[in-house]
Amino acid sequence: MASANDTHQPQKDAADQNFDYMFKLLIIGNSSVGKTSFLFRYADDSFTSAFVSTVGIDFKVKTVYRNEKRVKLQIWDTAGQERYRTITTAYYRGAMGFLLMYDISNVDSFNAVQDWATQIKTYSWDNAQVLLVGNKCDLEDDRVIPAEDGRRLAEELGFEFFEASAKENINVKQVFERLVDVICEKMNESLENGPVPPSGTTQLNDASPKEQSNCSC
């Protein structure tokens, strides 16, 4: 029997107004890097190998408990194709965090990371937090991007780095939890230093982020 706090019920989560904070998160990156599969694995714990291109933008809602607070996540899955770029960048404003994703078996998706990072810098809130995610680390035999290259690029961009797999459910939950924790950390710093976070967000006190291991599958 499902409990009242069951977070695996998307419709219930979407309608639930009982939360302490709400964060808007975006998953961005080239088409076919696995953004939709990553979101479905996290929100619904489901995976399908069938590729269906996202049209424009879609989102799911999930409620999590971090630092003794109930945090409602509104997670937007964006289309990677160039023709949707003007639509998706309109959603950058107000986003507290981004998962910038590439496919470890696709050079073009990795080479595009810098451009996506520039888009974040151009269209989002200055203090939006970003994690770089090398997805599909289950495809080790097809790997063309070494983990060290991903980690090095993340350091250059000032992002934290994870490798993950939606298919094998590797680091999916950890990635989202770390992003939420980093947002909480930065909100605490912002409150201490004066600037006010974007409307619709509230300061989290006594944040004590749990360190997550970075997978190099």
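Met-96, Trp-125, Asn-127, Gln-129, Ile-183, Lys-186, Met-187 and Ser-190 line the largest cavity in the protein. The model examined here is predicted. The volume of this cavity is about 40 Å³. Helix α7, which spans residues 172–193, gives the largest share of the lining, with four residues. Across the whole structure, the search finds one cavity of 30 Å³ or more.

Helix α5 (113–123) supplies at least two residues of the lining, and so does strand β5 (129–135).

The overall fold comes next. The protein has seven helices and six strands. Read from the N terminus, the order of elements is α-β-α-β-β-α-β-α-α-β-α-β-α. The chain counts 217 residues, and 52% of them are buried. Of the contacts between residues at least 6 apart in sequence, 74% join residues at least 24 apart.

Lys-35 belongs to helix α2, which covers residues 35–44. This lysine is buried, yet it has no salt bridge. Which side chain of opposite charge is nearest to Lys-35? That side chain is Asp-77, at 5.4 Å. A salt bridge requires the charged atoms to be within 4 Å. The side chain of Lys-35 instead reaches a backbone atom: the oxygen of Asn-30 is 2.8 Å away.

Ser-109 sits in helix α4, residues 107–111. Is Ser-109 buried or exposed? Its relative accessible area is 1%, so Ser-109 counts as buried, the limit being under 20%. A polar atom of the Ser-109 side chain lies 3.0 Å from the backbone nitrogen of Asp-103. With neighbours within four places in sequence set aside, Ser-109 is in contact with Asn-30, Val-33, Tyr-102 and Asp-103.

Note on methods: Residues numbered from 1 in each chain as written. Predicted model: local features only at pLDDT ≥ 70, side-chain atom pairs only at ≥ 80, totals over all residues. Heavy atoms only, no water. Buried < 20%, exposed > 50% of the residue type's maximum accessible area, 1.4 Å probe, protein only. Lys, Arg positive; Asp, Glu negative; His and termini not counted. Polar contact = N/O pair within 3.5 Å; in protein donor to acceptor, adjacent residues only side chain to side chain. Contact = heavy atoms within 4.5 Å. 1 Å grid on protein atoms, 1.4 Å probe; cavity = no way out; pocket = protein on both sides within 12 Å on 5 of 7 lines; lining within 4 Å. Points joined across faces, edges and corners; volume = space filled by probe spheres on them.
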